[in-house]
Amino acid sequence: MTHAAQPHQPAHHPALAHHFDDLAQQQEAASLGMWVFLLTEILFFGGLFLVYTIYRAWYPEAFASSSHHLDIPLGTINTAVLIGSSLTMAMAVHAAQMNSRKGVMIFLVLTMILGSVFLGIKGVEYSHKFHEHLIPGPDFAYAEAEFFRPAQIFFSLYFVMTGLHALHMIVGLGLMIWMLVWAHKGVIGNGYYSPVEVVGLYWHFVDIVWIFLFPLLYLIGRHATGH
Amino acid sequence: MSDHAHSTVHVLPLKVYYAVFATLMVLTGVTVAVAYVDLGAMNAVVALVIACFKAMIVVLYFMHVKYSTRLIKLTVIAGVYWMVILLALTLNDYLTRAVGTFGQQINLK
């Protein structure tokens with residue numbers, strides 16, 4: 001055993017669990033654990049992208065027409081906001097690596113503000129869809145009658161995919177509150193930063209999901225007339 | 001002991017994050033601009049190529065995979081590989097069905 005316990009060493013780091021040799025090994029295990037979870041998330045969202053692809057191939061005109069009802073300026077602003085929140089999250093992890101508790105807290109709060117702005121803009125978009133009767137169901141109304149049914153498939157997928165994405169962001173905001181408390185208490189910021197790193201991995205993954213959702217839902221049917 | 005842990009932490013300089021952020025923003029602008037140009041079927045291809053590149057630099061730099069151990073790299077590749085199986089084998093079925101069952105408008109009315 002090359003990693004056998006060395007009794008002459010001083011008391012170990014308070015955040016180091018007894019079954020790990022050192023913080024680096026513990027950090028590696030934490031990142032691996034988050035990545036294994038993200039693998040299940042890749043397949044979870046992958047299934048939704050698959051359903052979207054099949055229905056889009058099935059009803060190309062209806063999907064192009066429906067996508068014209070999405071707001072590209074708001075979607076573009078939200079993409080920029082979310083990429084910005086990924087930058088501030090990366091900087092929070094950087095601050096944690098540099099043992100700057102203050103930096104961790106500042107950048108986590110900035111990330112949470114940007115995440116909330118994204119959810120707020122998403123709420124505005126949802127409210128527009130509600131007023132335009134684009135929620136699938138009894139109140140659904142669509143000017144081009146021939147697309148009445150397949151347009152509801154598009155908007156069902158739109159609300160399920162963006163809704164699940166928004167739910168993941170709400171979970172991420174909760175995780176960041178947890179990290180803020182830990183940074184405030186001093187759990188984070190003395191050589192121990194893997195919780196912030198792992199929350200960062202999760203947040204960047206949610207950003208990647210949006211990087212695919214935005215072009216697929218908003219953009220790729222834009223040039224087509226829908227007829 | 002904690003000094004040993006510090007020595008193994010790979011801290012990226014902030015300018016790397018700024019460069020990745022700037023690239024992501026520029027590519028977002030490009031993908032929106034291209035959407036208004038009629039390239040036919042290539043619109044979706046261009047949008048997906050840009051999205052894949054954006055996702056790749058987020059994974060490599062923001063998520064530190066470029067500087068992670070081979071175990072983490074293998075895990076990430078396994079995830080992408082399994083998603084490709086999911087997409088490729090299912091579309092292999094749907095896109096090769098007999099004429100009239102797929103690729104044509106199905107009357108839902």
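## A first look at how chains A and B meet

Leaving aside residues up to four places away in sequence, Ile42(A) touches Gly79(B) and Met83(B); two residues count as in contact if their C-beta atoms, placed from the backbone, lie within 7 Å. Please keep in mind that this is a predicted model, in which local features need pLDDT of at least 70 and side-chain atom pairs count only at pLDDT 80 or more, while totals for chains, interfaces and linings use all residues. Residues are numbered from 1 along each chain as its sequence is written, and chains are lettered from A and ligands numbered from 1 in the order in which they are written.

Let us stay with Ile42(A) for a moment. Ile42(A) sits in helix H1 of chain A, residues 23-58. Helices here are DSSP runs (H or I, at least four residues; strands are E, at least two), numbered from the N terminus. Ile42(A) counts as buried because it has 22 C-beta neighbours inside 10 Å; the cut-offs are 20 or more other C-beta atoms within 10 Å for buried, 12 or fewer for exposed, and partly exposed in between, with C-beta atoms placed from the backbone.

Now for the wider interface. 50 residues of chain B are in contact with 50 residues of chain A. Helices H1 (2-8), H2 (14-35), H3 (42-62) and H4 (70-94) of chain B each supply at least two residues of the side that touches chain A, and H4(B) gives the most, with 13 residues.

One helix pair across the two chains is worth a visit. The axes of H6(A) (residues 194-219) and H3(B) come within 10 Å and cross at roughly 170°; axes are lines fitted to C-alpha atoms over the stretch in contact, with angles from 0 to 180 degrees between N-to-C directions. H6(A) is therefore roughly antiparallel to H3(B) (over 145 degrees; under 35 is roughly parallel, 65 to 115 roughly perpendicular and the rest oblique). Among the residues making this contact are Phe212(A) of H6(A) and Phe62(B) of H3(B).

The table gives the residue classes. Ala, Val, Leu, Ile, Met, Phe, Trp, Tyr, Cys and Pro count as nonpolar, Asp, Glu, Lys and Arg as charged, and the others, Gly among them, as polar.

| H6(A) with H3(B) | 10 residues | one residue | two residues |
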